[in-house]
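User: Could you walk me through this structure with me? I would like to ask about its confidence, its charged pairs and its aromatic rings.

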Amino acid sequence: MYIAVATLCWGVAASLGRAAFTGRIPILHALRPIDPLILSQGRATFSFLAILSVLGLLRGWRRLRLPFADVRDTFLIGILGVAASNYFYYLAIQRTNVATAIIVQYTAPIWVLLYTVARRQQKPTLQRVGAVGLAVTGIALVIGLFGGAGLRMDTLGLFAGLLAAFSFAYYNIGGHNVLARHDRWIVLLYTAGSASLFWLVVNPPWKVAAAHYSGEQVLFLLLFSLLSVLAPFSFYFAGLQHLEPSRAIVVSCLEPVFSIIIAAIALGEIMRPLQVAGIGLVLAAIIVVQLPDSKSTAAMPIVEPIE
């Protein structure tokens with residue numbers, strides 16, 4: 001139940017991100033469109049400040065420290081994983097639609113699998129090869145390669161979605177060891193902090209000020225950050241206390257379902273039957289690739305979503 005609520009929050013956040021670019025939800029008609037960079041920067045910054053305040057008050061500032069080596073690792077994960085994944089994900093939503101962006105990004109477990117097989121950390125079993133085949137076929141259906149429609153999706157949007165998936169995969173691979181040693185909230189604090197610092201360099205405060213964002217836009221960014229990070233992670237971590245991680249990840253696959261349904265209702269993003277079938281294949285591949293095979297009792301080491 002907790003994880004289902006978390007995935008619902010992420011689904012709502014995906015549609016809100018699309019609305020920030022298009023203004024297709026009535027309450028956002030008065031707002032100027034928000035650039036994906038600002039959305040990513042605002043999300044990281046507000047999330048970092050909120051988590052820092054809560055953890056500092058509840059646990060004390062001294063308990064938020066990490067060893068230098070882990071600070072370095074979380075810094076890289078924050079930039080190459082969190083910041084890159086968020087930006088390219090929102091860019092993909094802006095250039096295509098919610099369904100395409102989220103289903104392409106959610107192929108990250110497939111790329112993690114290919115990486116671990118290439119590094120000989122796992123064997124290319126029939127189950128794993130089949131999962132990759134399902135995912136590739138599903139993506140082809142989602143982007144319209146089959147059914148006589150041809151590829152009609154925005155090329156930059158699709159490329160951004162793939163980059164988001166690669167960044168998410170890096171976050172999974174790089175974050176697994178750090179999460180094995182430290183509390184999830186501490187890791188999230190440091191990764192959000194490093195992403196915030198990165199965006200400050202890319203887009204300094206004086207450039208943000210020069211854009212003259214309204215108070216309503218700033219408030220939207222604040223609420224968006226809380227809805228997409230603080231609230232869902234709270235529910236997700238609560239759910240992990242009652243479910244094994246492998247099962248929690250499978251339940252988290254409800255996020256694309258919620259996102260697509262919400263986008264269809266609120267934004268009118270209707271999918272064709274072949275695209276719906278493709279989404280089903282990708283979700284099936286995600287579940288299959290993370291289940292233990294007959295020769296192993298361990299599932300794929302996947303960490304929490306970061307949408």
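This is a predicted model: local features need pLDDT of at least 70, side-chain atom pairs count only at pLDDT 80 or more; totals for chains, interfaces and linings use all residues.

**Rings, charges and confidence**

User: Nice. How is the ring pair of Phe-168 and Tyr-171 classed?

Analyst: Both residues lie in helix 7, three residues apart, about one turn of the helix. Phe-168 is buried too, at 5% relative accessibility. The ring centres are 6.2 Å apart and the planes meet at 40°, so the pair is tilted.

User: And how far apart in sequence are the parts that Trp-111 and Phe-166 tie together?

Analyst: These two rings form an edge-to-face pair, 5.1 Å centre to centre with 75° between the planes. Trp-111 lies in helix 5 (residues 108-118) and Phe-166 in helix 7, so the parts they tie together are separated in sequence by 55 residues.

User: Is Phe-166 buried, partly exposed or exposed?

Analyst: Buried would need a relative accessible area under 20%, and exposed one over 50%. Phe-166 has 38% relative accessibility, so the residue counts as partly exposed.

User: Which residues do ring pairs link into a cluster?

Analyst: By the ring-pair rule the model has eight aromatic pairs. Ring pairs also build a cluster, whose members are Tyr-87, Phe-88, Phe-198 and Trp-199.

User: Turning to charges, how close do the N and O atoms of Asp-70 and Arg-181 come?

Analyst: Asp-70 sits in helix 3 (residues 68-95) and Arg-181 in helix 7 (residues 155-181), 111 residues apart, so the pair links distant parts of the chain. Asp-70 is buried at 6% relative accessible area, whereas Arg-181 is partly exposed at 46%. They form a salt bridge, and the closest N and O atoms are separated by 2.5 Å.

User: Which residue forms a salt bridge with Asp-154?

Analyst: Asp-154 is partly exposed, at 24% relative accessibility. Its salt-bridge partner, with the closest N and O atoms 3.0 Å apart, is Arg-95.

User: How many salt bridges are there by this rule?

Analyst: Besides the pairs above, Arg-72 forms a salt bridge with Asp-73, with 3.4 Å between the closest N and O atoms. By this rule, the count of salt bridges is four.

User: Finally, where in the protein chain is confidence lowest?

Analyst: The chain averages a pLDDT of 78, and 80% of the residues score at least 70. Confidence is highest in helix 8 (residues 184-202), at a mean of 91, while the lowest mean, 54, belongs to helix 11 (residues 245-252).

Key
Residues are numbered from 1 along each chain as its sequence is written. Side-chain values use heavy atoms; hydrogens and water are left out. pLDDT is the predictor's confidence in each residue, from 0 to 100. Helices (H or I, at least four residues) and strands (E, at least two) are DSSP runs, numbered from the N terminus. A salt bridge is a side-chain nitrogen of Lys or Arg within 4 Å of a carboxyl oxygen of Asp or Glu. Buried means under 20% relative accessible area, exposed over 50%, partly exposed in between (1.4 Å probe, protein chains only). Rings of Phe, Tyr and Trp (its six-membered ring) pair if their centres lie within 6.5 Å; planes under 30 degrees apart count as stacked, over 60 as edge-to-face and the rest as tilted.
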